[in-house]
Amino acid sequence: MQERLQELQEEALQKVAEASELKELNDIRVAYLGKKGPITEVLRGMGKLSAEERPKMGALVNVVREEIATKIEEKQKVLEEAAVNAKLAVEKIDVTLPGRPVNKGNHHPLTRVIEEVEDLFIGMGYTVAEGPEVETDFYNFEALNLPKSHPARDMQDSFYITEETLMRTHTSPVQARTMEKHKGQGPVKIICPGKVYRRDNDDATHSHQFMQIEGLVIDENISMSDLKGTLEVFAKQVFGKEREIRLRPSFFPFTEPSVEIDISCKICGGKGCSVCKGTGWIEVLGGGIVHPNVLEMAGFDSKKYSGFAFGIGVERIAMLKYGVDDIRHFYTNDVRFLTQFNRHES
Amino acid sequence: MFVSYKWLQDYVDLSGMTATTLSDKITKSGIEVEGVEKKSEGLKGVVIGHVLEREQHPNADKLNKCLVDVGGESPVQIICGAPNVDKGQKVAVATVGAVLPGNFKIKKAKLRGEESNGMICSLQELGIESRLIAKDYATGIFVFPNDVEVGQDALEALGLDDEVLELGLTPNRSDCLSMLGVAYEVGAILGREVKWPEINKVESAEKATDFIQVKVEASEDNPLYVAKVIKNVKIAPSPLWMQTRLMAAGIRPHNNVVDITNYILLEYGQPLHAFDYDRLGSKELVIRKAHAAEKITTLDDGERDLSSDHLVITNGSEPVAIAGVMGGANSEVQDDTTTVIIEAAYFAGTVVRKASKDHALRSESSARFEKGVDPNRVREAGERAAQLISQYAGGTVLEGSVEVDTLTIEPAVISITLEKINKLLGTSMTVSEVESIFTRLQFGVSVDNETFTVTVPTRRGDITIEADLVEEAARMYGYDNIPTTLPTGTVTPGHLTDYQQKRRKARRTLEGAGLYQAITYSLTSKNKAAQYALDARESVALAMPMSEERSQLRLSIIPQLLEVVKYNNARQLDSLALYEIGSVFLKQDGEQLPEEREHVAGAITGLWELNQWQGEKKPVDFYVAKGVLEALFDTLGLTEQIDYRQSEKEGMHPGRTADVLLNGDVIGFVGQVHPTVQKELDLKETYVFELSFKAMAEAAVEPIQYSAIPRFPSITRDIALVVDTTTVAGDIQKIIAEAGGKLLKEVSVFDLYEGERMEPGKKSLAYSLKYFDPERTLTDEDVTKAHEKVLAAVKEKAGAELRG
Ligand SMILES: [Zn+2]
């Protein structure tokens with residue numbers, strides 16, 4: 001009996017070792033360990049044994065069963081793993097093929113610049129003010145110290161609609177309207193982005209429609225040094241910390257004293273090139289202390305309040321920042337242009 | 001204004017300065033130097049030569065063989081093609097080894113068999129612009145006056161050893177439209193004196209008043225008129241130094257008299273005019289407004305129609321000059337002129353501006369009058385011109401001048417405190433610093449207890465109020481020296497308005513959906529302005545457009561976006577998704593300004609899904625465009641308030657267009673561009689939308705309120721309904737949603753079938769209905785009860801049958 005068990009065990013283990021498929025292994029399990037299997041048969045024959053031998057034999061049967069079961073289990077793991085590996089091998093793909101494209105659009109580069117500037121100034125306590133693009137002569141000119149006979153009106157030839165209305169030539173009328181709303185009560189802290197229009201033939205550097213951002217702060221004790229500090233923050237943020245800044249006295253009818261800000265030329269590093277016309281400097285900004293006439297016309301007491309205002313051309317910033325060489329690109333909307341601005345830049 | 005560096009030294013000491021260092025200082029003090037031109041740039045080896053012999057080239061009709069003394073050991077042979085070269089002339093010779101502009105090197109050459117050792121130069125060849133060259137030398141070589149020295153550097157003789165500063169003058173600084181004005185500015189910057197020209201008055205015994213009478217009938221426009229008379233003038237070229245200075249300043253030399261008036265204009269900033277006394281046709285000058293229908297032929301030979309807006313100088317009967325703008329041809333100084341009248345006058349800026357604008361005549365003279373000349377220089381400028389004419393045109397100045405003077409000159413006197421200056425600039429200047437600035441500017445100044453009383457010279461007409469003085473102080477103190485601070489006043493919260501935030505969110509949603517932002521022009525053609533308009537209103541037109549294409553303000557954005565699609569399509573860019581947020585302009589009756597309404601519009605065409613190697617491609621269709629809008633409404637919290645309604649619209653596909661309604665009001669539309677329009681514009685299938693963004697942004701939106709996550713399972717039932725083909729899915733959906741009661745949480749359509757297996761005129765729509773109760777687990781009976789109500793409702797209201 002013991003020999004028979006040894007034999008069965010060897011036989012079974014031999015078959016387990018030879019099995020190459022899970023089904024085969026299962027058949028072995030059923031054949032040897034099943035109720036109708038030879039080992040069960042051996043167990044049944046135990047009745048003939050003495051009471052002393054029976055437990056010994058019983059123990060031996062269990063050892064054999066366990067041994068076979070263990071081997072089957074081990075083999076099963078091996079076979080299962082092999083099956084999984086075979087399946088995975090078939091599932092292999094070419095990971096270098098491109099992924100499914102996700103549709104993705106983005107801001108226009110001008111909006112990109114505007115939002116960057118808006119966010120900078122919002123962080124400094126400004127709100128964003130907007131106003132109509134068709135303006136009255138009053139808000140566009142007269143409220144800004146540009147009476148009808150003023151020679152500086154030549155500087156900005158305009159698209160008139162009627163004698164008294166026109167396409168605004170700058171976003172300054174928004175400042176005039178905002179000041180008026182404040183009814184002589186400070187503080188005012190706004191920036192005004194928007195489209196403006198001038199009578200220019202469209203070419204590489206001129207556009208009859210373009211964008212400006214202007215800023216205005218009115219409070220007690222606002223000074224030129226505050227303007228200087230604010231514009232330095234702005235220029236460093238927009239053009240980079242390594243840019244140098246130069247202030248030049250200038251003239252605008254609505255500010256006095258007035259200032260123009262140049263940044264050092266990025267292209268030649270200040271040595272002089274065609275972009276900076278050999279000067280090493282590029283003009284990016286104009287501003288100044290709000291002219292007392294402008295304050296008074298808007299109902300502010302120029303003895304109590306002072307303010308500063310500044311303005312920038314959005315296209316000009318974008319052109320300098322991204323190296324765009326023709327202003328018309330911004331309005332042609334060639335997708336090969338638009339798609340170049342669809343990522344983050346540090 | 002072009003300023004010759006050499007000439008400027010007549011009025012202010014520039015020692016220790018170079019043109020470049022001076023330019024930097026001027027720019028930093030407020031007048032931008034836009035460029036410094038070195039006149040001799042690229043020029044070398046040009047000397048004055050004397051043409052000893054000239055004969056025709058033996059082998060060429062148009063060439064001359066010249067023997068020229070260039071100051072060397074022996075004269076050289078030069079072949080010259082200029083028609084005006086001749087024996088005895090003093091000329092500019094580029095000798096062998098010389099370099100001319102454009103890096104043109106002069107070498108020994110043989111021209112048609114004859115040796116040539118250099119080149120006789122025209123002024124153009126020396127880099128002078130043609131428009132500045134006197135008529136006599138416009139097409140040939142330049143001939144020097146006889147007194148120049150042979151062998152001398154010709155560039156020096158021509159004043160080309162000079163640098164010219166180009167000042168970009170702002171409208172307030174017209175005082176620097178003169179050399180003296182610039183000298184005052186430079187004097188203030190450097191702290192140096194200004195030297196005025198010396199006038200040696202030599203007059204004959206004859207009196208000017210015996211020759212001419214002056215009557216001013218418009219004294220408001222002409223408060224001061226001074227006439228000087230000079231006899232026995234001999235018209236000839238002006239001295240070379242004067243010609244070169246004029247050319248450096250950008251003015252073409254004519255003859256001695258005209259050149260002198262221009263020279264004074266540049267020196268004093270006072271425009272002058274010279275009349276030929278004998279051609280005047282009378283012995284009086286009457287200054288008055290022109291009569292209607294009066295005409296004058298100006299010096300440029302243009303016939304000008306005058307009106308009562310224009311101020312004219314007349315001889316008592318007819319105009320001889322448009323005041324301050326241009327003289328008449330009838331009284332022009334010519335080669336045979338012997339007696340001249342020099343006019344030095346003060347004309348009001350407005351009347352000169354009007355005439356200059358009406359006749360499109362911008363002259364050096366009108367530019368100065370328009371901006372205001374210094375009333376205190378009028379007389380002296382006339383005096384100096386007369387003296388120069390006697391000196392350089394051999395004339396005799398008659399005693400005195402003929403004047404009409406109603407001008408009152410009151411220099412501005414302004415007081416300002418030190419505190420005010422420092423407070424506005426953020427500086428801490430001292431009394432003596434500020435006082436020294438005003439002194440350097442040669443303003444009259446007195447100080448009393450930190451208050452300055454400043455008397456402003458009449459040359460600085462731009463300075464009238466306190467702020468003007470603050471500016472002078474700031475620019476002379478130096479902007480670089482102003483401290484850098486940030487405003488410290490009231491703290492204000494910075495933020496975007498609700499509307500502005502919605503606009504940013506709308507942008508991000510559209511971009512996230514794959515659309516690129518475009519920005520197009522607001523101005524368009526009359527035809528395009530009204531296409532696709534949401535409101536059938538008249539467009540706003542420009543009074544004087546630059547072109548028809550940009551003559552009206554747009555009422556819609558779609559036509560502009562279709563232009564963009566067309567542009568890109570023409571460049572093989574077929575798959576496009578673009579949007580724009582911008583204003584349209586609607587005329588309003590009885591209002592001065594149009595209504596400006598912000599719209600959002602989009603255009604999508606080509607492939608929407610493009611999987612290159614998988615080979616799957618999905619072209620854009622109506623539901624792509626609608627899906628984009630649904631995402632947008634979702635972001636703005638408007639989904640529940642939006643409806644779509646089949647619509648027919650001009651320019652749109654009649655079967656594939658929907659109006660978009662917000663709480664029952666049409667706010668825009670979405671659909672396919674009409675195939676005829678697509679064909680016209682050469683577009684492929686293109687879908688567009690345009691909505692009033694204003695309406696969307698102004699619609700009330702519920703605040704976000706958390707609702708509990710369901711704890712109980714839901715039950716989903718699908719139904720397929722047979723309906724008439726004319727029935728629309730949205731209606732059925734609404735019926736289901738209403739009938740399903742509060743247990744029905746979601747309804748969605750998941751299949752549409754129209755085909756052979758349907759009865760004619762019928763189609764099948766399949767919906768998925770999701771029921772659940774937040775309080776408990778639903779039973780089958782609960783759902784069946786609700787579901788039966790749904791089925792009954794669709795049958796009753798839409799004749800829908802369950803599909804078997
Ligand atoms: Zn550069």
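Where does UniProt place the feature "binding site" in chain B? The unreviewed entry puts it at B:Asp462, B:Asp468, B:Glu471 and B:Glu472, in the numbering used here, with the feature name shortened and with the caution that annotations may be inferred rather than shown by experiment.

Before going on, please keep in mind that this is a predicted model, in which local features need pLDDT of at least 70 and side-chain atom pairs count only at pLDDT 80 or more, while totals for chains, interfaces and linings use all residues. Residues are numbered from 1 along each chain as its sequence is written, chains are lettered from A and ligands numbered from 1 in the order in which they are written, and side-chain values use heavy atoms, with hydrogens and water left out.

Of the annotated residues, B:Asp462, B:Glu471 and B:Glu472 belong to the lining of the largest cavity, and B:Asp468 has its place in helix H12 of chain B, helices being DSSP runs of H or I with at least four residues and strands runs of E with at least two, numbered from the N terminus. A cavity here is a set of points, on a 1 Å grid over the protein atoms alone, where a 1.4 Å probe fits but cannot get out, and lining residues have an atom within 4 Å of a point.

The largest cavity has a volume of about 80 Å³, volume being the space filled by probe spheres set on the points, which are joined across faces, edges and corners. Strand E6 (245-252) of chain A and helix H12 (466-477) of chain B each supply at least two residues of that lining, which includes A:Phe251 and B:Arg475.

How values were computed. 1 Å grid on protein atoms, 1.4 Å probe; cavity = no way out; pocket = protein on both sides within 12 Å on 5 of 7 lines; lining within 4 Å.
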